[in-house]
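Open the model in your viewer and have the selection tool ready. This tour goes from domains to chains to a helix pair.

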Amino acid sequence: MADPAPIIRLRGVTKRYPGIVANDSIDMEFRQGEVHVLLGENGAGKSTLVSMLAGLQQPDEGVIEVEGVPTALSSPERALELGISTVFQHSMLVPTLTLAENAALGGRWWRNPDRRGHEARMAETAARIGVVLTPSALTGSLSLGERQQAEIVRALMRGARFLILDEATAMLTPHDAAGLGQLMRRLASEGVAVVFITHKLNEAIEYGDRVSVLRLGRKVGGIAPEEMRALTPRAATERIVHLMFGAQDAAVAAVAPPPVGADAPVVLECLALHVADATVPVSAINLTVAAAEILGIAGIDGNGQKELAEAIAGQRPISSGRIRLDGAFIDGLDVGGRRRAGLRYVTDDRLGEGTVGGFPVSINLLLKQIGDPPFWQGGIERPAKIDENARALVKAFDIRTPSIHTPAGKLSGGNIQKLLLARELTGSARAVIFAKPTYGLDLQNIAATRRRIREAAGRGCAAIVISTELDELLELAHRIAVMSQGRIVGVVPNDADARRRIGELMSGVAA
Amino acid sequence: MTTETTNLTSGGLPPRLRAALATAGLSLGPMIGAFVLSGLVLLLMKVNPFDYYGYVFQRGLLSPSGVQATLTRMGPLLLLAASLIVAFRAGLWNLGGDAQFLMGAVFVAAWAPLMVQHLPVWLVLVLSMLVSVVIGAIWGLLPAILRAYQGINEIITTLMMNFLGISLSSALVKLVFADPDTTVPQTRTLPVGDRLPVLFGSNVSSGLVIGLVVILAVHWMMTRTAFGLKLRVVGANPEAATHAGLSVPKLTLAVFAISAGLGGLAGAVAILGQYGNVRADWNPAYAFTIVPLVFLARFNGYAAIGYVFLFSALGIGSESAARRLDVPNYFTLVTVALLLVLLAVTERWAALRRARKGV
Amino acid sequence: MSGLFTDAFIIALLAGVVAATVPLLLAGLGEQISEKAGVLNIGIEGMMLMGAYGGFYVAWASGNLWLGFLGGGIGGMVVGALMALFCVRMGLNQIVVGIALTLGAEGVTALLHYEQFSRLYPRLSVMAPLPIPGLSQIPIVGPALFTREPVVYLAFALVPLFVWLFRRTQLGLMLQAAGDKPAALDTAGVSVLKIRTIAVLATGLLVGFGGAFLSIVAAGVFVPFMTHGNGFIGIVLAMLARGRPTWVMGGALVFGTCLSATTALQVAGVDVPTDIIQMLPFVAVMAVLLVAGRKARLPAALGAAYVRGER
């Protein structure tokens, strides 16, 4: 570990945006053969730092040294020339081109992209780092995990010595995320400097050689490699939690789910539900959820969870089967009818379908009740009632917004989730489906969201929590169903043996 | 003029008044710029720009007959603007307004002169307008269905229906609805006495009132009613609309029906209030020109009234100027194009400035 | 009736089809480049008019028809440059700017024509045909298709050129990336704005040639508004072709056939109004869309300005 100079060193790097200092005189170094983890909550300044390293932004103050030489990373091209490659959270591959074509992209415009050559080199590079991919596959047909691996391979083909993985695991299934972690280790052992940005502590400790923690734009500390090796995972976690949240101890300790009486009445029932879909047909779903019960649905993303949730909510047509809420069939009702009956759906696609970004918070809070009295009378809006409702919900759910008239798209991810929770949990909710309720949130908002879910169940609602994070389900749910390829492959009670049995159910299909 | 119209939106509230004044300023600057630049073009043509614009505004805004012509022309234009506001706010690019206009016009021109011989005039006028709405809506049906149920981009389908409609209306005039009593290919003519009543003894057609009422109603509908909000949700984020339980296909059909129906009505008002008949190959291409105006009015009905007024006055004034000053009225196109580009640039610049301020 | 379908008549018919197809082909290919790169170029009607005027003016002033085509290309590119400046560089709404440029070009060309030619109405000389050895000897097809102005061959030669360009060059990949995932192109170290600017300028050049063909070869004069929606048909062709140059050619032939059929039928004594014939291709396309219900695949970022860092 005694190599001479770090490949990249930041000295007093500062970046300001209107109203905020995104990065405040950051000092940091990145070395070859090291996985350097950048940890921080949302808004801590990780993305800004990455965009400066990638050449997308320039620092207002301070110096970036590349191999000891102060260097202006003035453009993405320049960064690439220096061997700095970035793999973003959202895939940066063109979906309508093949992997090899994506790898070939760039260069003199009249050149032949040489598909064959790139396919061969891509396969070769992939094999070297233990990645399996088909270079001639159309990018759009691949999973996000596969696309990210392809992006890493492409970066190495271009001579990357410094690889930034920006929130690379955020969108991945646990399986793909673990695979990516191992790949990082292999890359480091090949001599690549890896920068891994995440807000997941366990990943940081598992894959990192060195950890730096950002908070409110400042580097508040870190763990050097020697220390990292010396610390037990538990001790390292404590150190990092302390750095990330300061004195405040953010206990992430699991709280035992509140007990459900055996005689609790059944609230939501799915009877032999089938949903036709080109990619993931959902078949033969039989589920019951009792009052005050939280049913977890575990499974790798893309195994029909979203389709099932949408079918129950009424957004997606059912091909056969029935749904019963409080004993009455609701499958004949539309989305609005099911909502009035007491069914609610908190979507995970918060910006895509959950809100209209350009519309004010007050309207987004009523998005599923447009035209309903008392907010609309005879189809005509009543602004006083709409605002009154918004003010009450903003207060009750602690939505941090400058005003109830602020466009919802300007809120942070955590506050948008609060907005959705406020919309779905008020009124006469009887059964609530939460789709990946904490995905993409920081720790504090994760805790707040989980508390809301427990409270909803505590009031007697039937809750379904769909999650790809097993720990979350083990913390929240009474029973956990495992979903695979559009089917429920088993339901287990959340007891001491649950983790093992769920693992078996999931891998039984995976293998 | 613009200050006055935008003041209407302010409702007397100071912050809104200030916003309205700022908007007016952002509109006035480009207008002055457009007149300066097109003045330079006039100089190149060896025409004194002051003479020209003096004459244009004198004819379009100050002379009694000019003002009356300007106001009369506004009727159909306002209806087209209303038609586009509904579509654009719902995120649908209806670029087929000219065909919808012509189809409405042709059927009304074919029908009304025959009917006035049998029915009371007021009834014919009302029925004609209803017919034009239905005809327009029918012409918008195909793009609507293709968009709603097949996801086919409406720009391409409305453009094609536009070509189809322009040709078809011309063919109808020549082959089906031609007036047997003239050799010129045109429809029968609605007698002047049987047209839409004029306002207060002037020559201004009451089509102006219809246009104003409709565009204000549309503005109110889009901003104050649940139905309008639903359309705006579909326009802003169709996935959110589906998630919220709105039927996007049905709303798409409704948008096209209203938008194309109003396009047809615009045609009827032009015929019933102004022209009285349709000649073969007639296509004033109003809708096409109104598209960018409506866009720059930010789909706001009040602002659209202002732009439509300006556009009508320019058109009327320059038609007179063409006869008097040897400047063909194509010149208006240059002025309007300059105005549009400068307005768009100013808008962009203002947005950038807002972004820099971090507002 | 039968006597009318003489060789001469069929030759004239085929020749008319070719003449009507070339401007549509150039407009469609031109629009296709912009659309591939993510720019919905509604301004091509204006580019075409400017090309028609520029082509005619230069050809008339220089007496050289080839220089005229150069002038047409430059005329189209001037409008293309404005489009690129406003829509690509400044990120203004592409539909608004496109319509504004079309209106402006209509006004400017009509005005220039009025100032310069409204009293003279000059006509250009006829471009000499270039018979292709061998092929031009084939009866009927030879004189109709292979004894044509050299620009006709060049226009059709663009189709394989574009197939090669899209499939076999970096530029093809870059255009597709600029339209489907501009951020990916940016991170690959290629400027999205540069690629889109090049695309829009190339559109201007090609569409300008198309306009020049109308004024120099097809008509021999410039008439205000002479493009008559050819540019808009180009937009339709490009959208339907889903990125394939060969489909643009097929579509241009279909529309070209219908546009030229009127005159041919009138010669044949069949009195069908122009309007009806001109409706046919649109009716056909709408019917196909209605029955097949095929989703016209368009680039994901079509119509959206690219701003680095916006997700």
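Select domain 2 and domain 3 of chain A: their C-alpha centres lie 26 Å apart. Domain 2 covers 264-342 + 428-511, and domain 3 covers 355-427; the bounds come from an automatic or database domain assignment. This is a predicted model, where local features need pLDDT of at least 70, side-chain atom pairs count only at pLDDT 80 or more, and totals for chains, interfaces and linings use all residues. Residues are numbered from 1 along each chain as its sequence is written, with chains lettered from A and ligands numbered from 1 in the order in which they are written.

Now show the contact between these domains. 11 residues of domain 2 of chain A touch eight residues of domain 3 of chain A (contact: C-beta atoms, placed from the backbone, within 7 Å). On the domain 2 side, helix H16 (443-458) of chain A gives the most, four residues. Helices (H or I, at least four residues) are DSSP runs, numbered from the N terminus.

Next, select chains A and B. Their contact takes 24 residues from chain A and 16 from chain B. On the chain B side, H9(B) has the largest share, six residues.

Finally, pick helix H12 (286-296) of chain B and helix H4 (94-117) of chain C. They pack at about 135°, axes 9 Å apart (axes are lines fitted to C-alpha atoms over the stretch in contact; angles run from 0 to 180 degrees between N-to-C directions). Which residues meet here? B:Phe288, B:Val291 and B:Phe295 are among those in H12(B), with C:Val96 and C:Leu103 among those in H4(C).

Terms used:
Two residues are in contact if their C-beta atoms, placed from the backbone, lie within 7 Å. Helices (H or I, at least four residues) and strands (E, at least two) are DSSP runs, numbered from the N terminus.
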